[in-house]
Amino acid sequence: MRVFPRLGSRRAPKTPADADRRALQQLQALGADLTKPRHVIHFVYFADEEAARRAAEEIEAAGYSIAVVSPDERFREWRVHADAVRVVGETTIDGFRSWFEHLATTYGGEYDGWEAARTP
């Protein structure tokens, strides 16, 4: 049995927005009600600690719980994980992506997307 049903083409998404839409489709296929708030984590990477901490301050001010994670064997970058309970759906995901991409660019980092819980 497949956990993630086949959603159209098996090709990689062409844009980050396409990846977001596929993730939303997968959540729905697993029975998620996308009108309900759920735990979501956004991932942002930075080359240095100062940039990561400055971005983390802005993210926290926007109502997220943050974790700043130092580089390790697996990741060479500083990572900021931004956790919150939010409605993640067609009407919200573009705004989340836009805000996090802008923040990443401001501090010389890269937004690497999000993940969300299936159930609220």
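Trainee: What percentage of the 120 residues in the chain is buried?
Mentor: Keep in mind that this is a predicted model, where local features need pLDDT of at least 70, side-chain atom pairs count only at pLDDT 80 or more, and totals for chains, interfaces and linings use all residues. Residues are numbered from 1 along each chain as its sequence is written, and side-chain values use heavy atoms, leaving out hydrogens and water. Buried means under 20% relative accessible area with a 1.4 Å probe, protein chains only. By that cut-off, the buried share of the chain is 30%.

Trainee: In what order do the elements of the chain run?
Mentor: Helices (H or I, at least four residues) and strands (E, at least two) are DSSP runs, numbered from the N terminus. The chain has three helices and four strands. Starting at the N terminus, their order is α-β-α-β-β-α-β.

Trainee: Which residues touch the most other members of the largest nonpolar core?
Mentor: A nonpolar core is a set of buried Ala, Val, Leu, Ile, Met, Phe, Trp, Tyr and Cys residues joined through side-chain atoms within 4.5 Å. The largest one holds 26 residues. Those touching the most other members are Phe-46, Ile-59, Tyr-64, Val-88, Phe-100 and Trp-114.

Trainee: Which residues does Val-88 touch, not counting those up to four places away in sequence?
Mentor: Contact means heavy atoms within 4.5 Å. With those sequence neighbours set aside, the partners of Val-88 are Leu-24, Leu-34, Val-40, Ile-93, Phe-96 and Trp-114.

Trainee: How far apart are the centres of the positive and negative side chains?
Mentor: Lys and Arg count as positive, Asp and Glu as negative, without His and the chain ends. There are 17 positive and 19 negative side chains, and the two centres lie apart by 11 Å.

Terms used
Buried < 20%, exposed > 50% of the residue type's maximum accessible area, 1.4 Å probe, protein only. Charge placed at Lys NZ, Arg CZ, Asp CG, Glu CD.
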